[in-house]
Structure formats: C-alpha cells, structure tokens
Amino acid sequence: MIGLIWSLEWAVATRRRRLFGLNALIPLLLVGPIAFSGAPAQHAAAVYTVLFTIFGAFGSCIPLIRDGESGLLTRFMLAGVPPRSLLTQRVLAATSLDTVQLLPSLIVIALASGNAQAFGGVLAALMLTLLVANLLGVWAAALARSVAEGALFAAVSSLLLLHAAGAFRTPAPGTLSAGVERLVPFRLLHESLLAAEGLSPPGSGADLLPPILVAAALALVTIAGGRRVAVGAV
C-alpha cells in the first residue's frame with residue numbers, strides 16, 4: 001500500500017489535463033496583473049499569500065469531502081489502506097501538485113521583482129505554506145457535513161491564521177499578537193515575499209524554527225488522529 005494513494009493522486013491529476021491546466025492558469029491570471037502593475041509590494045505580498053493559502057486549503061478540503069461522499073475513502077480503508085497512510089499520502093501528493101501548479105505564478109512574481117535569485121527561500125516557504133494549508137483542508141473536511149460547510153471552514157480558518165500571521169497588519173512589538181505571529185507558518189511566505197522585494201531582511205534561524213515546529217506538530221496531530229479524521233470526512 002506504500003505509495004498507492006500518492007501514485008493515484010498524481011495519475012488522476014495529470015490525466016485530467018484541462019483541470020490541471022486551469023489550476024495553473026487561474027492563479028497566474030490573478031498574479032500576473034498584480035506583479036506587473038506597480039502595486040505596492042506590501043499589498044502584493046499579502047494578496048499572494050492569501051491566494052496561495054486558500055488555493056491549498058480548498059484544493060485539499062473539497063476533493064476529500066467528495067471522495068468521502070462517493071464512498072471512495074471507505075473503499076480504500078476496507079481494502080486495507082491504513083487511514084494514517086491514506087491521509088499522509090494525500091496531503092503530501094496534494095502539496096507537491098499545488099507547488100507544481102503554482103510554480104508559473106512564482107516565476108512571474110520573481111521576474112517582476114527583478115530579484116529572481118532570492119526566490120529559493122520563497123519556494124521553500126511556499127511549500128511549507130501549502131503543506132499547512134492542505135492539513136487545514138483535511139481538518140475542515142473532517143468537521144464538515146457538506147461541500148459548502150467545508151469551503152466555509154477552510155476559508156474562515158485560513159483567513160484567521162493569515163490575520164494572525166501578519167498578512168493584513170503588523171502587530172506592535174512585544175504584544176500578544178506579535179508573539180502569536182511568530183508561531184504561524186503562513187508568516188514565512190509573507191515575509192519571504194517582502195524580503196525578495198528588499199522590504200525586510202531574510203529571517204534568522206530563530207525566526208524560522210517556531211513556525212516550522214508548529215507545522216510539524218499539526219502534521220503529527222493529523223497523522224495520529226488519522227482514523228478519526230478520515231472517518232470524519234466520510
């Protein structure tokens with residue numbers, strides 16, 4: 001069963017060429033005009049961070065709910081696929097697919113910024129953001145009882161965490177909000193985009209560690225609760 005769900009997710013995604021292309025094209029159509037419009041970098045970075053986060057959360061939540069409603073998840077589990085493995089492979093496959101589909105948008109942002117060499121850090125932050133967004137989508141699917149509920153839960157949880165991450169405002173130093181901001185993984189993508197524009201220095205190791213640990217903890221909790229989470233999505 002090792003790699004079965006990963007292979008299936010990639011096979012289905014690459015064979016549905018129209019949908020795969022749209023998933024790459026639509027973010028690009030949103031990013032392109034902003035990147036080359038001369039919009040303030042602070043505003044552009046916030047828009048990109050929100051767009052990429054919502055892209056990952058919705059892309060994880062909605063298909064999981066639909067697979068639960070169709071009975072596909074139940075069939076996998078009855079066939080002997082462990083729920084933990086099922087969720088782990090789905091999240092990793094979805095994160096990698098999202099990264100590939102958002103690469104054209106990231107390339108456009110890099111070209112527009114004129115600082116393409118700084119985008120290695122942005123790519124790493126994007127991958128972490130998409131991983132966390134996909135994990136949020138899994139929990140939204142587990143708690144929802146319909147596609148509409150799942151979309152609502154995914155959107156609300158993503159936006160709340162984006163607000164906590166400082167995507168919409170910068171908290172005053174030394175406040176509780178500033179302490180919370182340091183922990184939220186989405187902060188890294190927002191700050192890496194600002195750093196690529198020369199608006200803030202790259203984060204130090206001490207700044208990077210807390211959100212990475214939070215992302216790891218969320219992944220471990222999701223995997224540990226694999227059966228309950230998977231059953232909740234059915």
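This is a predicted model: local features need pLDDT of at least 70, side-chain atom pairs count only at pLDDT 80 or more; totals for chains, interfaces and linings use all residues.
Residues are numbered from 1 along each chain as its sequence is written, and side-chain values use heavy atoms, with hydrogens and water left out.

Student: How many salt bridges does a search of the whole structure find?

Tutor: A salt bridge is counted when a side-chain nitrogen of Lys or Arg lies within 4 Å of a carboxyl oxygen of Asp or Glu. With that criterion, the search of the whole structure gives a total of 3.

Student: Which residues are linked with Arg90 in a network of salt bridges?

Tutor: Arg90 meets Glu9 in a salt bridge at 3.8 Å, N to O. Arg90 lies in helix α5 (residues 83–113) and Glu9 in helix α1 (residues 4–15), so this pair ties together parts that are 81 residues apart in sequence, helices being DSSP runs of H or I with at least four residues, numbered from the N terminus. Asp67 also forms a salt bridge with Arg90, with the closest N and O atoms 2.7 Å apart, and this pair links Asp67 in helix α3 (residues 41–70) to helix α5 across 23 residues. The network partners of Arg90 are therefore Glu9 and Asp67.

Student: Is Arg90 buried or exposed?

Tutor: Buried means under 20% relative accessible area, exposed over 50%, and partly exposed in between, with a 1.4 Å probe and protein chains only. Glu9, at 23%, is partly exposed, whereas Arg90 has a relative accessible area of 10%, and so counts as buried.

Student: In which helix do Arg187 and Glu191 both lie?

Tutor: The side chains of Arg187 and Glu191 meet in a salt bridge at 2.9 Å, N to O. The two residues are 4 residues apart, about one turn of the helix, and that helix, spanning residues 186–196, is α9.

Student: Which element gives the largest share of the lining of the largest cavity?

Tutor: A cavity is a set of points on a 1 Å grid over the protein atoms alone where a 1.4 Å probe fits but cannot get out, and lining residues have an atom within 4 Å of a point. The largest cavity has a volume of about 40 Å³, and its lining includes Ala41, Tyr48, Phe119 and Leu193. The elements that give two or more residues to this lining are α3 and α9, and the largest share, 4 residues, comes from α3.

Definitions and conventions:
On a 1 Å grid over the protein atoms alone, a cavity is a set of points where a 1.4 Å probe fits but cannot get out, and a pocket is an open set with protein on both sides within 12 Å along at least five of seven lines; lining residues have an atom within 4 Å of a point. Grid points are joined across faces, edges and corners, and a volume is the space filled by probe spheres set on the points.
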